[in-house]
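Let us read one model together, feature by feature. Have the sequence and the 3D view ready.

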Amino acid sequence: MSPKGHGMDDAAEELGTATQALANATALLSRALKQGLTEAGAEVSDQLASSLRMVSREIADASTELGRMAGDQRRRAKVDATRASLLAAARTVFAQRGFEGASVGDIAAEAGYTKGALYSQFGSKEELFTEITRQLAAEDTEWSAQQSSTDLAATYAVTAPDPDAQSLLLLSLEVSLYALRHPESRTQLMPLLTQSWGTATSLVAARNGRPDQPEQGDRDTALGLLAVHTLASALAALSDDPDEVTAAADRLLRRLLAG
């Protein structure tokens, strides 16, 4: 929003008004030429000069405002693109090297920017890491909204390892490790870390016919689902026989849900 409180639509409307005024002035000029300026007299001449001056000012003002707003939009888009690139790079580097092992320079280089560009977006590596934790929590919320509570064993099933799932697992574990190593971060991070437990609890409660009133048993089952899924996902990525791990995880998940 501009200092005058006008948006792009307002500025465009002002430019349209000025353009219409120019058309009116042109019509006045055409009339004056048909009549002859001498015949039209001083009144027409003064009206014409006044209209043209007003139109020139309005068009100049509206064009300047539109140009400024377009420039602001381009700068905002560039800033947003830089921020998104840095976050994506940070997720990759933190998953590969952990928070402690990753440097600001590593992240900036992965994204193709300088450290200065990173610091223009995030005040510190800790701030960047916290923002990634918020991203993970938001993604968990979006994911849960797409799930059905009818077959939670399938929802929390452990699948064959793939690079994307493994990277997400490493990143999620790193967030928990960071909170363990940095007690000062727990007040801020714990609501985000426990969100997946709340998500799973809601799904279990809905499956048990009480979506709005989960019970302690629902929370216990939800924690079990998450524990099996997380540990088995790690073991499947490490094991020479991931199928054995995924099959065992499936049996455990179904046993939890049956109980």
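Q: How exposed is R254, and where does R254 lie?
A: Buried means under 20% relative accessible area, exposed over 50%, and partly exposed in between (1.4 Å probe, protein chains only). R254 has a relative accessible area of 42%, so R254 is partly exposed. R254 lies in helix α11 (residues 242-258). Helices here are DSSP runs (H or I, at least four residues), numbered from the N terminus.

Q: What should I know about the model itself?
A: This is a predicted model: local features need pLDDT of at least 70, side-chain atom pairs count only at pLDDT 80 or more, and totals for chains, interfaces and linings use all residues. Residues are numbered from 1 along each chain as its sequence is written, and side-chain values use heavy atoms, leaving out hydrogens and water.

Q: Which residue forms a salt bridge with R254?
A: A salt bridge puts a side-chain nitrogen of Lys or Arg within 4 Å of a carboxyl oxygen of Asp or Glu. For R254 the partner is D250, with the closest N and O atoms 3.3 Å apart. Both residues lie in α11, four residues apart, about one turn of the helix. D250 is partly exposed at 27% relative accessibility. D151 joins D250 and R254 in a network of salt bridges.

Q: How many salt bridges does the structure hold?
A: The structure holds eight. One of them pairs E139 with R91, at 2.8 Å from N to O. E139 is in helix α5 and R91 in helix α2 (residues 37-101), so the pair ties together parts 48 residues apart in sequence.

Q: Is R91 buried or exposed?
A: R91 counts as buried, at 18% relative accessibility.

Key:
Helices (H or I, at least four residues) and strands (E, at least two) are DSSP runs, numbered from the N terminus.
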